[in-house]
Amino acid sequence: MNRKAFALGVAMVLLCNLVAVSLRSYAEATFLKSYGPTRLPWLLISSAGGFAFATFAYDAITRRAKTSIVDVALLVILFIVAAASPSLLRAGTPPVVLVVAVTATSQVAGLALWNRVAASVGGRDARRMLPRAGAAVTLGGAIAGLGAAPLVLRVGATVLPYVGAAGTIAVLFLVFAQEAALAAHGAPGATAPAGASDALSPVNRTLLRALIAVAILEGIVATVIDLQFVSTLKSKFTGDSLAAAVTLFYGGTNAIIFLLQVAAVPHILVTRSIPTTAAIHPLFAIVLYAVFIAAPSFVAIAATRTADQVFRLATSRTSQELELSPLPPNPRARWKVLLRGGVWPSGALLAAFVLLAIGPPAMKSPDKLAAAGVAVAVIWFAVAQRAARRFQAALAAPLKIRAHRAENLQGLDLETLERWSALAGSDDLRTSALANAALARARVPVANLADHLRHDEPAVRAALFSQLVLAPAPELRNELRAAVMIEDDDRALALGLAAVAFSADANATLASDTKDATGLATSGARTSTTSMSDRSLEQAIARGRSRAGLSAAVESSVRAAECALRSGTTDAADLAAEVERLLATDPPFAIGLLRRRGRDLDAAVIARVLTTAATTSRAGALLAIARIGPPSTLSILGDALVAGELPAHAAIETLGGPGADHLGANLHRFTPVARTVIARALAGAPTAASLVGALISDEDPDVAHAALRTALALARGGTLLPAAPIAGANTKALEALLAHLDARDAAAPWSATARHELDLATRRCVARLLWAAAVEAAAAGRDPATLAATARHLTDGREADRKRALDVVQEHQAGRAEILAVIERWLQPAIPTADTADTLLALSLYDPWLAELGGGEHAALEPRLAVLRKPALFASVSGPALAELATHATQRIVTGELFALGAAGGSMFIVMEGSLSATRPDAPSRAIVAGGVVGELAVLTHAPRAATVAAEGAATVLELDRETFAAASRRAPELVFGLAATLAGWLSPERPDILG
Amino acid sequence: MDLLERASALAACRLFADLAPAVVIRLAERARPRTLEPGERLTTDDDVWIVVDGQIVIASTAAVAMDATASTTRRHGGTATAGHALGLVRVIAPGTPALSALAVKRSNVVGLSLDDMRDVLEEDPAALAALADALARVLLEGTS
C-alpha cells in the first residue's frame, strides 16, 4: 500500500465529491424550478444520458491518450462549467443543458479520480482501505449538502457553482501531488504481475457480463425510485426551499453513507462473502419499496430513495469494486469507469425513456409503478447473486481450484441398483469388489432392496442378501424370509439364512423341537401357538435345512442361524465353539451371532475366544474385535493397526454404525498412534461418522489432524457428520492456531530448529482449521472442495497465492470472522513478545512435543531433526513423527563404500556431514552433500541398489531401515508422498508422460 | 458414465490395480468422463486423464517441444490407449511439465483433477503407498 498516495487520493476524492454534489444540487434545483412535472423524466434522461455519453467519450479518449492528461483536462472543463454556469443561465442557456454538462463532467471526474485512489492500494488492503476512501467521498458529499443548505437559504443557490469551481482548483493541485506520490512509491493496486496479459479469461468475461447486467438493472430500479421521489419532492417544495431540500437530502444521505462506510462496511468486506454483501442493497430496496406500495407517503419514498443511494455506494459499489478485482489492472480500471458511468446510466436512461413513453399515467398510479420497480429489483437481486458466484469462481480460478459437485448417491434409480447388484455378484472378483464398494458408498436405502430380493439372477440375490448381512434390516424381515423360503441357489441361500438370522427380533427364537424336524410340517403343527412372524422364520430356516445336505455352505449357515436363534438352549461351550468356527469361516456371521447371543456368554469367554482366534483366524478376529471386542482384546487390534496389518485396516474400513459406536466408547484404550491409524482408515467407512466425530475432538493433535482429513473425505462423499464435534473441532483448531501464533511471537529465544518446527506446525494448524471449516461447510450443504483445496494453497503456496487464497476462504467459509482474523495474523510478520513461559504452557495443551522442543527439552535430537528436514522427502512430516524417525535412525560414520550397485538393500541414508559420491554406469558421478538422501529406492520398491555410493573422505550419515520408515509412514503418510516425489525426481530424465 | 463405470475405467489402469475398491470408488466420485473427437486436444495442466478407449497421441505445446531433453522424444508421438494414464507423475511431482495430447480417433477418457487426486491419496495412506509402489514399478520398467 502506498500510504502517501492513498492519503492524497482520499483528500482528492473528498473534495471532488464536494464539488459534484454542490453542482448537481444547483443544476437539479434549477431544472425543477424551471420545468413542470411532465418534464421530470427529462431530468433523469438528461443526467443519465449526459453521464453515459461523457463516460463512453472518456473511455474512447483514454484508449488513445494518456489517462493522466485526460483527467487534468476533465477537471479544467469542470472548473469552466462550474464557474460559467450562472452566466450561461442568465444568457438563456436551457437548464437541461446545465444539468447535462454539470452531471457529466463532475461524475466522470469522480470516477477517474477514484481509479487513482484504487491504484494506491492492492490485495486485502483494498478491502479495508477502499471503503475508507469511499467514506471520504461521502463525507465530501455530506459537507457539500449539509453546508450548502444554509448557504443557499442565506445567499441564494447561485453561490453553489462558485463553491464548485474553487473546489475544482484544489482538486487539480491534489491530482498532481498524488501522481507524484504514485510515481515515487508505486501503485500496488494498478500493477499487473510480470508477464500478465490484459486479455480477459473466459471466467472473467462471464463475470463481466453478469456485472453489466447487474449495473443495468440497478440503474433501472434507481431511476424509477428517483422519479417517484423527485415528483413527490416537487409537489411539496418550491423556490429556494426546493434547492435547500435537494441539498439537505443529498447531505443527509451522504452523512448516513459516511457513518456506514466508517463503522460497518470495512468490517463487512473483510468478514462476509460477496454474495452476502451484494445482497444488501437490492434487499433493502425491495423491502422499503414494498412498504411504499403498502402505505404510499413522502416519508416512505424518501426512505426508499435514501436506502437506494446509501447502499448503492456503501455495499453495491464496494461489492462491484471487489468483484472486478480478478480482472487484470487495465481492464479493471476501464470497466470500473464504464460500469458506473456508462452501463449504469444506460440502464437509468432506458428506464427514463420507458417512463417518458408511458407519460403521466405512470405517476398517477404510484403503487403500480412501485410494483414494477420491485419486480425489476427482484430480478436485480437474482442477477447480483449470480455475479457474486461468478466472482467466487473467478477468484479461485488462478489457484486452479474448481468447485466439486458431489454426485447424489443417496437415491440410486432401480435400474442402476439392479445393474450394480448384478455386478456385485459377478464372478470377476475385481468387478464384484468395486460394485460392492459402490453399493456401500452409495448407502442405498435398505427399503429399496426389497423389490430385488427375488431377482431372477441368483448372483444378484446373493449380493443383496450379503448387503443385509452387513447391515441387517429388521423392517425387511418378512420380505427376506419369503425370499429365502423359495431360494434355490445354495450361495444365495447361505447368505439369505444369515440375513434372516440377523434381521430377526431380539426375542425371536426357534422352537427347540424343530431342530430335526422337516420344517413346514412342524411349523404347520404349531400354528395354534406361534405367530405368523415366528412361522415365517421357521419356514425360512426349514428351507435351509432342506438343502443343508446338498451344500456345505448352506449347512454351515443353517447351523449358525439355529445357534443364533435358539437363545438359552445352546450351552455356552457349544456357543463359544460355534463362534470360534465362524470367525474362521464366516466372520460377519460370527459377529452377528455374538451380537445376538453375546449375553449368553461371559465377557471373559468372549475375550478368550477372540484372543485365541487372533492367532488362528486373525482377519476374522480383528473384524470381530473392532465391532464387539471386550476391552481386554482391544490391544490386539491396536497393535495390529500400528503394525500396519491389512486385516486390521480392513476391520476399520468396513465398520458400520454399531461397530463405530463400540470403538467410540473405547477410544481411550488405544494409543495415539493407533487412534491416528483408525482415524485415517475411517476415510473408507461412510457409516462410521460417529467415530470420526469422536476422533476429531481428540486431544492428540496428530489424531485430530488425521480425523479432520477423514471427516472431510466423508463430507465430500455426502456423509452427514454430527454437528457438535464439528463445532468443537473448529473451536479447538482455532485455539491451537492461536496458541502457535502466540508461541511464534515469543519464540525469539528458541533454537533455529525449534522455530522451524513451529513454523511447520503452524502451517498444519492452518490446514486443520480450514479442513474444519470445510467440514462445517459440507454439513451446511455447501461444497467443501474449494475450502479444502485452499488449505493447500495457503500452507504451501507462494505469497501472492496465499493472499488470494485468504480471499477465497472469506468467500467460502460460513461467516466466521475469527477464522479470517487468525489466518490473516498468521500471514503477517510476528510481533515479538517476551512471554515465553505462558506461551509454552498454552502451546503444551495443543502440541506438547513442540512445547518441549521450544523449551529445549529435545536439544540432543535437534541436529538430527535439522538434517532430516533438509530433503523434500521429510519436509512436510509432522514434528513428532520426524522425531520418532530421528530417534530410531542409526548414526554412522562412513569412510569407504556405503553400498554397491546391484546389491540388495533395505535402508536409506541421509547425509549429516561430509559428502557421498553416487556412481552409475554410463552416467557422471553425483555428489550428495549434507541433507541429501541415497538408497530411498530400495525402501520403497525392494529394488537392488541402482548406484555405487561411497564417502568422499569421511561422512556422517543417518541410516533409516525399511521397517522404521514403514512404521513412521503409517503415522505420517506424507512420507510416502515425499518418497514417491523423490523417486519421480530421481528418475526425471526418463520421466514418462504415459503410464500404465 | 455412472459411478461404477467410472470406477471400472480407473481400475482398468494398471497403476490403480492395487488400490482398495473403496478408494477407487472415492476417486471415481470425483472423476468426470469426457469424449474426445478425432483432433480434439486435452492437456494435463490441472488433470490426470485415464484412457478408457480410443487412441490419443502426445502433441506437446510449443514450449515443451523446444525442450531438448531425453524426454522430448517421448513427448512426440507417444500413444496412449485403453488403461493408460496421462499426467499422473504430476500428482507426486508437480514440477513435471504438463503436456497436450490429440485424439487420433474418437476416445473416451476419465479425468481427475490433480487436487482431487492428491486429496484422496492424502486421505488414505494405504492408497498412497499402493500407488507409489505401482508408480515406482512402472517407472523402473521405463514404460512409455
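Biologist: Why does A:Ser241 count as partly exposed?

Modeller: Keep in mind that this is a predicted model. A:Ser241 has 15 C-beta neighbours inside 10 Å, so it counts as partly exposed: buried would take 20 or more, and exposed 12 or fewer.

Biologist: And which helix does A:Ser241 lie in?

Modeller: That's helix α8 of chain A, which covers residues 239-263.

Biologist: OK, zooming out. How many helices and strands are there in chain A?

Modeller: Chain A has 45 helices and 9 strands. It runs to 996 residues, of which 55% are buried. As for the contacts between residues at least 6 apart in sequence, 80% of them join residues at least 24 apart.

Biologist: Let's pick a helix. What span does α4(A) reach, first C-alpha to last?

Modeller: It reaches 36 Å over its 25 residues, 95-119, and that is close to the 36 Å expected at 1.5 Å a residue.

Biologist: Is α4(A) mostly covered or mostly open?

Modeller: Mostly covered, with 24 of the 25 residues in α4(A) buried.

Biologist: Now a helix pair. At what angle do α27 and α29 of chain A cross?

Modeller: Roughly 35°, and their axes come within 9 Å. Helix α27 is residues 618-628 and helix α29 is residues 646-653. The crossing is right-handed.

Biologist: Which residues meet there?

Modeller: From α27(A) you get A:Arg618, A:Ala619, A:Leu622, A:Leu623 and A:Ala626, and from α29(A) there are A:Pro647, A:Ala648, A:Ala651 and A:Ile652. By type, that contact between α27(A) and α29(A) has 8 nonpolar residues, no polar ones and 1 charged.

Biologist: Switching to chain B. What's its mean pLDDT?

Modeller: The mean for chain B is 76, and 78% of its residues reach 70 or more. Among the elements of chain B, strand β1 (residues 32-36) has the highest mean, 91, while helix α3 (residues 62-65) has the lowest, 37.

Biologist: Where in chain B does pLDDT stay under 50?

Modeller: Over residues 61-76, for which the model has 20 contacts beyond four places in sequence. Where pLDDT is low, the predicted coordinates should not be read in detail.

Biologist: Last one: what ipTM does the complex get?

Modeller: The predictor gives it an ipTM of 0.86, along with a pTM of 0.70.

How values were computed:
Residues are numbered from 1 along each chain as its sequence is written. Chains are lettered from A and ligands numbered from 1 in the order in which they are written. This is a predicted model: local features need pLDDT of at least 70, side-chain atom pairs count only at pLDDT 80 or more; totals for chains, interfaces and linings use all residues. Helices (H or I, at least four residues) and strands (E, at least two) are DSSP runs, numbered from the N terminus. The expected span of a helix is 1.5 Å times one less than its number of residues. pLDDT is the predictor's confidence in each residue, from 0 to 100. Two residues are in contact if their C-beta atoms, placed from the backbone, lie within 7 Å. Axes are lines fitted to C-alpha atoms, for helices over the stretch in contact, and angles run from 0 to 180 degrees between N-to-C directions. A crossing is left-handed if the near helix is turned anticlockwise from the far one by less than a right angle, and right-handed if clockwise. Ala, Val, Leu, Ile, Met, Phe, Trp, Tyr, Cys and Pro count as nonpolar, Asp, Glu, Lys and Arg as charged, and the others, Gly among them, as polar.
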